[in-house]
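This report describes selected secondary-structure features of one protein model. Please consult the sequence and the structure shown below while reading.

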Amino acid sequence: MATRDEIVASIRKAFPEGVRLLDGGDLPTFVVDRAELLRLARHLKDDPGLDFKLLADVCGADYAGREERFEAVYHLYSVTHGHRIRLKVPVREDDPVLPSVYGVWRAADWFEREAFDMFGLRFDGHPNLKRILCHPAFVGHPLRKDYEPGQRWLLREGEQDEPVWARQPHEDDDHFETQVINLGPSHPATHGTLRTVVRLDGEIITQAEVEIGYLHRCFEKMAERHTWKQVIPYTDRLNYCSPMINGVGYCLAVEKLAGIEAPPRAQLIRLILSELSRIMDHIVCIGANLNDLGAMTPFLYMYKAREEIYSILEACAGGRLTISYVRVGGLANDVPGDFVEAVRWILRRVPPLMNDMEKLITRNRIFRDRTEGVGVIAGAEALDWGWTGPCLRASGIPYDVRKAQPYLGYETFDFKVPIATTGDTFARYIVRVEEVRQSLHIIEQALERLQPGPIICDEHHVALPPKEQVYTEMEALIWHFKLIMEGARIPAGEVYGFTEGANGELGYYIVSDGGGKPYRIKVRPPCFAIFQAYPHMLVGHMVSDSVAILGSFNVIAGELDR
Amino acid sequence: MTSRDLSISPGGGSEERAAARRPDGSQVFLTTKLDALLDMARRNSLWPFPFGTACCAIEFMSVMMSHYDLSRFGAEVVRFSPRQSDLLIVAGTVTDKMAPVLVRIYEQMAEPKYVISMGACACTGGFYRAYHVVQGIDEFIPVDVYVPGCPPTPEALLKGVVHLQEMIGKGETHYQRQLAAARAAARGGADGNA
């Protein structure tokens, strides 16, 4: 791992002009002249000492009133060295054009389209720069500060977007007619609202394009309109298969920005519930994937375990699914008295269910025929697309945020990062199965260490004071009032918080202007990067394979479209 | 079974109309209206179309699974084709991009059809008062039962389905009221001609 100074020195040496280092910050941050961007991008990727192979995120930001109003922000990560940097490219409002880095990292494909959709940044050289989240009848760029949040534009039937190629009649070399069909957006195998348009030659897919945004519910705009604490319920609804992980990721990022830390007990409970959520998420992913392939039984088995975990979350937070349990600086309240026994019961309950499921599936002839060699992607290619999480590990790259850049004390736990090498649908299944076992192992160790103690820090400019103090002490009452009415004052600055979500690196890029509300929150959704490779992987497969591949990605529309 | 559906009148009537006999030999009649009989059949065999878009769809899965098991209430057969289903359960946020799809699916369903709006988003847009979110699906399609919650608990959805069954029994759903109004208008028209 190169230190901050080494990275800075290396970049300074190669780029004496056009690249400026910003002081401080959580990551080495460079302001890059747009003329230098492409050359710098190539250098960052190809220089063996830097080796930034993963483009984690591209997003826009609007600083209204500044001369160079917009900014494109890039977050890069090096899997081999384990270091990160941030690039910022400012552009003017009257000329919001900058070069596309699609030619360097293919991951930029959808991220740049999103920045175009939300801010109107134009990426020169992008192969398909059009709206991605908003519908085609939409006017304006919603994340610009001067866009009124409630301003809607209606889409009528017949105005939906269609790939250009889908309208053109096309005859194959052997003069058989091909046909274009729609999978989704309302389709039993899409688990939500994804739409894939495919051209079929017989049963073979020869061309495919994916349309997303059917669940774009404006998380980032809503976040700018609410106080730091009020954003927490919105985060639950990002990846709604494992809501706890999203809340933890958000609060860790805000805590990093505010320079506070949750007490040890809160950290441990966060970790335990995160791992339980990961199990829940994998269970749904595996179960739904099998369900789509025609195996209903495992889903019914696995859902029992999920119901048990629900009841634990309900006992802790009051809600089953969207629990809003995490707070900046700790947790909303302490866990119930029988928490440890209840979790231990889960630990005993899940393995037999997993074993039953594995007996039915792992060596099942039909299942293996339908998944082995289907949807293969090589590790380097997956990384180029911005993949993270179990899908990347199934292609042989052992990148797990919990190991690479631990948080919540993951470095003190004994667990393994399962990987597979074949990179196909079966590999993604088997990696998830093993991750469930590793998560159980982590929870077991965490339960041993659980000690009584406070569950929220006493930095009351950010965290609410306990209710009993609010009723008895003047100062606590004032803090309570200010926090509820104005929101916490998080110091101005920016931060990129990253956690291992159930399907990959879940990043929050947060900008604060020192006020009670976030200035900008950008979520780096893991399945967004994974799903953008999907249409490219489909070509040459059959329609039935497309269902198997999609199920193995665990694409959650709430997180994908936000 | 409500008294409106079936009225059982013991005794009375001529020998030829006797439908059944009690053990003591007295006669039993079963008289009802065809509509009521059909409604009874319909409400006890609802075929849901899960229009699941977001978090509520996950809770809808819980409702279908063994723990809560919607099939206990006669609505087991989930169909993903609007042609084969009569109950549209809109579970989750509907965006402006999705709205034409929802309308198309509703139109494709054969009558009689009923709609349950599951969750705050489908009912009112929920806490997404924003530029891309439909503020309640009743902007576009008629809704029979609104189930509140974010997401509603499985019990709440079960209650919603049972409530819909009661409404069908009483003839209170949107479809039935429309049909009744159309019939009344037709009768009124006939009277006017006479």
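Predicted model: local features only at pLDDT ≥ 70, side-chain atom pairs only at ≥ 80, totals over all residues.

In chain A, 3 strands in the order S8-S9-S10 form an open sheet with antiparallel pairing. Strand S8 (179-183) and strand S10 (204-211) of chain A are the edge strands, and each pairs on one side only. From one strand to the next, the twist averages 20 degrees.

Strand S9 (residues 195-201) of chain A is joined to S10(A) by 7 bridges, and the two strands run antiparallel. Within S10(A), Val210(A) is the residue that stands opposite Thr196(A).

## Sheet S13-S14-S15

A further open sheet of chain A consists of 3 strands in the order S13-S14-S15, again with antiparallel pairing. Strand S13 (493-501) and strand S15 (520-524) of chain A each have a single partner strand, so one side of each edge strand has no neighbour in the sheet. Neighbouring strands here are turned against each other by 15 degrees on average, direction ignored.

Between strand S14 (residues 504-512) of chain A and S15(A), which run antiparallel, there are 5 bridges. Val511(A) has Arg520(A) in S15(A) as its bridge partner. Helix H7 (residues 243-258) of chain A packs on this sheet and touches S13 and S14 of chain A. The direction of H7 makes about 150 degrees with that of S13(A).

## Helix H17

Helix H17 (residues 474-486) of chain A has 13 residues, and at 1.5 Å a residue it should therefore span 18 Å. Its end C-alpha atoms are 18 Å apart, in agreement with that expectation. Just after H17(A), Gly487(A) adopts a positive phi of about 90 degrees.

Notes: Residues numbered from 1 in each chain as written. Chains lettered and ligands numbered in written order. Helix = DSSP H or I, 4+ residues; strand = E, 2+ residues; numbered from the N terminus. Expected span 1.5 Å × (residues − 1). Pairing = 2+ DSSP bridges. Axes fitted to C-alpha atoms, helices over the stretch in contact; angles between N-to-C directions. Contact = placed C-beta atoms within 7 Å.
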